[in-house]
Amino acid sequence: MATAAPSSSSTPQKDWKAGLQAPPKDFRPRTEDVTGTKGTEFEDMFLRRELLMGIFEAGFEKPSPIQEEAIPVALTKRDVLARAKNGTGKTAAFVIPTLQQVDVATKKIQALLLVPTRELALQTSQVCKILGKHMGVQVMVTTGGTTLKDDILRLSETVHVLVGTPGRILDLAGKNVADLSECPVFVMDEADKLLSHEFAPVMEQLLSFLPKDRQVMLFSATFPIIVKDFKEKHMKDPYEINLMEELTLRGVTQYYAYVEERQKVHCLNTLFSKLQINQSIIFCNSTNRVELLAKKVTELGYSCFYSHAKMLQGHRNRVFHDFRNGVCRNLVCSDLLTRGIDIQAVNVVINFDFPKNSETYLHRIGRSGRFGHLGLAINLVTYEDRFNLYRIEQELGTEIQPIPQQIDMHLYVAPSGSEQPPPQQQQQQQQQRQIAGAAQPNGPQPAQNGSAPGSQSRAAPPPQSAQASYQGQR
């Protein structure tokens, strides 16, 4: 393996690291979910120099536990079945070995990365582009809700890594537009969702377009029985990784507030006024309630976007992009954004409607406390939710405590000293904010991107620096 990829020790480190454009260092403390490693470095993995450059320029410093376990095994081209918590670096754990195996001189699709949602497809493709920017690798993302013509034109050019949702990939493969016959790497992120009844028939058809001799990698936080069935049918002696001794993230503190339905908006208003919210995601159980709540929030005077599955894809993309860039402080959404979405500025998640099952709950609260940072999950629980609350606590082996009169800010806000960068880095961050401001002089257009109309004066957008660099090792 060492001969296939040049070792980073062949020349002095300073010669190739000196010119890297690394982002400002993130000084926030992290939990053992991402720091509890064996001490392996990225440079110990015999990765290509160009790939290492992309890794370090993305702000990655050391591998997280899932990356430390999965990357070396994946590089041997063995099948991998990996289970790890949300927000601990799973995306990079499969993107890095995938990019390492790409031969840019071969003008064929060499890796297929499947994800269940359009937003996650966009995010995953962006990770591929960031990490592989020095390699010359060509990455394409394709999802439903966009015109097929554009995808056909793009596939007439070179594509090395194809990222997308199952339905659209199957459509392109079935029309002989996407040639997967020589695609040796097949990855399924959020595998439990991709193997659910919703996607199962599509997955079976899609596998028929891939070569028999392929590497299959499955990543997820939860592995129901359907994953076991897939493993036995389609995987060859997979290396199994399970980093789920406990299911919930250590950095996320969970509370519930026992309320009547008619008290929920008032309770939400109280939370907004008392909490130190950098950015928040507020979940509802239906698309109709998403829009109604977004309207209520803006009537209270707080900045708010909303997003749900019935919106046009272009509008959903705009909301996702603008919220990620800190244009707005609060996002009301359905379970559309529970899977894999990584926005590191989010430190508070509120379940305005309590979820019906533990899997949904686990994915929702995993939107805060990303990559070992601190977060807060608050659940508004009605009389009808009481049994679900108890059942979810039992199934996840966690405790959701009653909300106190005052919530300790240190549970979900990084200590000011630890996030204060040196003066030189403060200047770099100020320049980044100015660039970001110049790029978006007019902000989002409410009618176009799914934001509810209203003033943002009571909750100004979070500073760009609070979102840190792309240390979004999902």
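1. Let me start with Val348, which stands opposite Leu376 in β13. The strand that pairs with β13 here is β12 (residues 346–351): the two run parallel and are joined by four bridges. Strands are DSSP runs of E with at least two residues, helices are runs of H or I with at least four, and both are numbered from the N terminus. Two strands count as paired if DSSP finds at least two bridges between them.

2. A word on what you are looking at: this is a predicted model, in which local features need pLDDT of at least 70 and side-chain atom pairs count only at pLDDT 80 or more, while totals for chains, interfaces and linings use all residues. Residues are numbered from 1 along each chain as its sequence is written, and side-chain values use heavy atoms, with hydrogens and water left out.

3. Strand β13 (residues 375–381) is mostly covered, with seven of its seven residues buried. Buried means under 20% relative accessible area, exposed means over 50%, and partly exposed lies in between, using a 1.4 Å probe and protein chains only. Gly375, Ala377, Asn379 and Val381 point one way from β13, Leu376, Ile378 and Leu380 point the other way, and all are buried. β13 also runs parallel to strand β8 (residues 252–258), to which seven bridges join it. Ala257 has Leu380 in β13 as its bridge partner.

4. Where does β13 sit in its sheet? The order is β10-β11-β9-β12-β13-β8-β14, an open sheet of seven strands with parallel pairing. At the edges stand β10 (304–307) and β14 (401–402), each with a single partner strand, so one side of each has no neighbour in the sheet. β10 runs parallel to strand β11 (residues 330–333) and is joined to β11 by four bridges; Cys304 stands opposite Asn330 in β11.

5. Helices pack on this sheet too. Helix α12 (residues 264–274) touches β8, β9 (279–283), β11, β12 and β13, and its direction makes about 160° with that of β13. Helix α13 (residues 287–299) lies across β9, β10 and β11, running at about 175° to β10. For such angles, axes are lines fitted to C-alpha atoms, for helices over the stretch in contact, and the angles run from 0 to 180 degrees between N-to-C directions. Contact means heavy atoms within 4.5 Å.

6. There is another sheet to look at. Seven strands form an open sheet in the order β3-β4-β2-β5-β6-β1-β7, again with parallel pairing. Its edge strands are β3 (139–142) and β7 (239–242), each pairing on one side only. Within this sheet, β2 and strand β5 (residues 185–189) pair in the parallel sense over four bridges, and Leu113 has Val187 in β5 as its bridge partner. Helix α11 (residues 225–234) lies across β1 (80–83), β5, β6 (215–220) and β7, running at about 170° to β6.

7. Please have a look at Pro116, in the loop between β2 (111–114) and α6. Is Pro116 buried or exposed? With a relative accessible area of 10%, Pro116 is buried. Pro116 and Lys193 are 77 residues apart in sequence, but their C-alpha atoms are 6.6 Å apart in space. Leaving aside neighbours within four places in sequence, Pro116 contacts Thr165, Asp189, Glu190, Lys193, Leu194 and Phe199.

8. Now for α6 itself. The axes of helix α6 (residues 118–131) and helix α14 (residues 313–324) come within 10 Å and cross at roughly 55°. That makes α6 oblique to α14; angles under 35 degrees count as roughly parallel, over 145 as roughly antiparallel, 65 to 115 as roughly perpendicular and the rest as oblique. Arg118, Glu119, Leu122 and Gln123 in α6 meet Gln313, Arg316, Asn317, Phe320 and Arg324 in α14.

9. Finally, helix α15 (residues 358–365) and helix α16 (residues 386–396) have axes that come within 9 Å and cross at roughly 75°. The two helices, α15 and α16, are therefore roughly perpendicular to each other. Ser358, Tyr361 and Leu362 in α15 meet Ile392, Glu395 and Leu396 in α16.
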